[in-house]
Every structure is written in structure tokens, then in C-alpha cells.
Amino acid sequence: MIFLFACLSSSKTPVVESISFRGNGGYWSATNDEQLRNAMKQKSNRTFGFLAPDLWMVPYNLNDLDQDGQRLEVWYAHHGYFDAKFQGWNRSLVPSLFSFRPHIRLEGVVTEGEPAIVRTINVRGDMFGTLKKGLQRIVDPYKGSVFSLEDIEYVEELLSSYLYERSYAKTKIETEILVWPNDCMDVRHHQGQCIIANLEAYCGAKCSEVIERVNNCGTDNACITQVNYKQWMRIEESTVVDVRFHVDKGASYRFGEIHIHGDTHVPLETVLDKVVQEAQVRPGSSYKLDKIYRAQEVLYNMGLFSVVNIVPTYDEKNKRIIYIYMYIINQR
């Protein structure tokens, strides 16, 4: 230890030779060393870093390293490990044959705990029939998986795209993520909500009366204990997550008038006719984002224009109309 601090006090800036971890998942796991290193601000030297010391050798930054412990815990939480704790760093000096700088090897120690599992994931909103079923089919594969915030954000994008392609051009989605311990008795202030979420997940309509009684108790735990709910409860093996996508699909839009402008000698009426026919952006037809992309592709493939800008404009008076303006900037 004395030797370590003697080197660190030298005039040469220490560099980080390598960063590894103990207590995390194996090489093929979602919490391997590479994933954790990517979550850090402190980086390590590249292979053969001595060939370009100023570019490839990474200085040891104590402030960044101290904050990286918190960054790693946040990263773990975003990937379902809500109980993960960063215990600290083991630092050691390693010899270097081609560099005069002190080289430090870092080993982070983590305690992962058990990952949270997505217990339920569903879509809520004023939707019926095939539209509701289609949205639910998108989210169903994630039920029972390890929670990941990245996955939830990705699913939200999939839901939005699904609705956009069905002419719902101004869809709004609010995502609710509820995290519960394996036993609702561990919850202090929201025990009732935890019990209700458990009953909804495993009992559903059969427990509607019990759910209503627990809900009427609010945060009064003494009242909750008077409700006969335990026979319907299921104790979880680990932390669980309930994900709810609250979808406001908005109005179904259709194309209105289509305008084309540009400084060109090409007859714009002929161009517009070709776009309308091939991209199927006919006035009165259902609005779809893919049709906009197709219209732009048709204009480019004509080989006449170098820059084209297509602007959908919403009619604020008639909430179901989208006007299309095509601006041809330059001619080839």
C-alpha cells in the first residue's frame, strides 16, 4: 500500500491499465464486465496503448471513479437489479515495460441480488377489438422477462409505430412502471396498492369484490387487515414489476389536399400525379407514415431533384385532415 501511494504521488499521471469486476454475471450474461465498463465514465487503456500514450492511455481520475459507483447502481436498476449494491474498488499497481507512467488495475466489487421480473405488462386505453389485441400482442412476449428500461422504451416505440401505421398520427403513450417486493407486507405506505396489483395479476375478475374493499381502505393498513385477501395472494420469489402503457390513440387521420412547390422547369402537375399514384397518398385515403417515406422515395428515384422536403401539416379545425406540402429545393 505504501508503494502504491508513493507511485501516485510521482509527477507522472497514473493511467488505468484495466477494469474488471467481481460479483457480477459471467462473460455471456447481461451484466458482464463489458456492459458495466460501458456504464462508467472512467475508461481504461487500449491494447498497445504505449504506442500512442497521449491518445490511447487513459488517465486515472479519482473523481470520475467515485461517481462511477453510483452510475453502476443506476445502470443495474435500469436493467432490473433494484437491490444491486456497489461495494467499492480494489486498486493495484501492475508493471509496464513500455511506459514510465504508473499503471493501475481496477477491480470493482458488486452485489447484484436477484433481478426483478416483469409480472404483468398490458395496454390500457379507449380501444377495442383487433386494435387492442394487436397492441397487446406486441407487449406479451416481455411478460416473465427480466425488467429492462431499454426494453420498455423500445416497446413504447413499437406501440407508437403500430398506431401510426393505422392512421393514428397523434398518439400519446404514458408508461407506468410499478415495482413491488416479493411480499406486500414489506410495503409501508402503499401496501394496499401492492395487494391490489398482486390480486389483479393472479386473480382478476374473481377477486373484484376483494380488490374493491382493499381499494376503499386507501392507506389504512388496519382496515386492510380486516379484508380476507390472503387466500388469493401469491408470494413472489423476487421483486416484480407491473408495466402499464396508457394509450391515447387520438383521432384517425386521412390525407387532405396535396401541394407541390419548387423552382424547376419540370411540370409539377406530372410529378404530383406520379407521386400520388405510386405512393398512394390520395386525398381522402388513410394517413400512414410509410406513405410519406414512399412519396419522398418516388421523388428521388425520378432522378430530377437533389433535395426534397415533405411536410405534413395538421388541420387544427378538422382534426382528421393532414395536408401534404412537397418542397423541391434543387434541380439536378
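Mentor: Let's start with cysteine 217, which counts as buried because its relative accessible area is 10%. Buried means under 20% relative accessible area, exposed over 50%, and partly exposed in between (1.4 Å probe, protein chains only). A word on the source: this is a predicted model, where local features need pLDDT of at least 70, side-chain atom pairs count only at pLDDT 80 or more, and totals for chains, interfaces and linings use all residues. Residues are numbered from 1 along each chain as its sequence is written, and side-chain values use heavy atoms, with hydrogens and water left out.

Trainee: Which cysteine does cysteine 217 form a disulfide with?

Mentor: A disulfide is a pair of cysteine sulfur atoms within 2.5 Å. Here the partner is cysteine 223, at an S to S distance of 2.1 Å. The angle about the S-S bond is -55°, a left-handed link. Cysteine 223 is partly exposed, as its relative accessible area is 27%.

Trainee: How many disulfides does a search of the whole structure find?

Mentor: Three. Another of them joins cysteine 184 and cysteine 194, with the sulfur atoms 2.0 Å apart. This pair links distant parts of the chain, ten residues apart: cysteine 184 sits in the loop between strand E5 (172-180) and helix H7 (191-202), and cysteine 194 sits in helix H7. Helices (H or I, at least four residues) and strands (E, at least two) are DSSP runs, numbered from the N terminus. The link of cysteine 184 and cysteine 194 is left-handed, with -80° about the S-S bond. Cysteine 184 is buried at 6% relative accessibility, and cysteine 194 is buried at 1%.

Trainee: What is the handedness of the link between cysteine 203 and cysteine 207?

Mentor: That link is right-handed, with 80° about the S-S bond. The sulfur atoms of cysteine 203 and cysteine 207 are 1.6 Å apart, and both cysteines are buried. If you number the bonded cysteines in sequence order, the pairing reads 1-2, 3-4, 5-6.

Trainee: And the charges: which residues form the negative surface patch?

Mentor: For a charged patch, take residues with over 30% relative accessible area and no salt bridge, and join like charges within 9 Å. A salt bridge is a side-chain nitrogen of Lys or Arg within 4 Å of a carboxyl oxygen of Asp or Glu. In this model, Glu150, Asp151, Glu153 and Glu157 form the negative patch. Aspartate 151 lies in helix H6 (residues 149-164) and counts as partly exposed, at 30% relative accessibility.

How values were computed
Patch = residues over 30% accessible without salt bridge, like charges linked within 9 Å, V, L, I, M, F, W, Y side chains within 5 Å. Areas by Shrake-Rupley, 256 points an atom, 1.4 Å probe, with all protein chains shown as cover. Lys, Arg positive; Asp, Glu negative; His and termini not counted. Charge placed at Lys NZ, Arg CZ, Asp CG, Glu CD.
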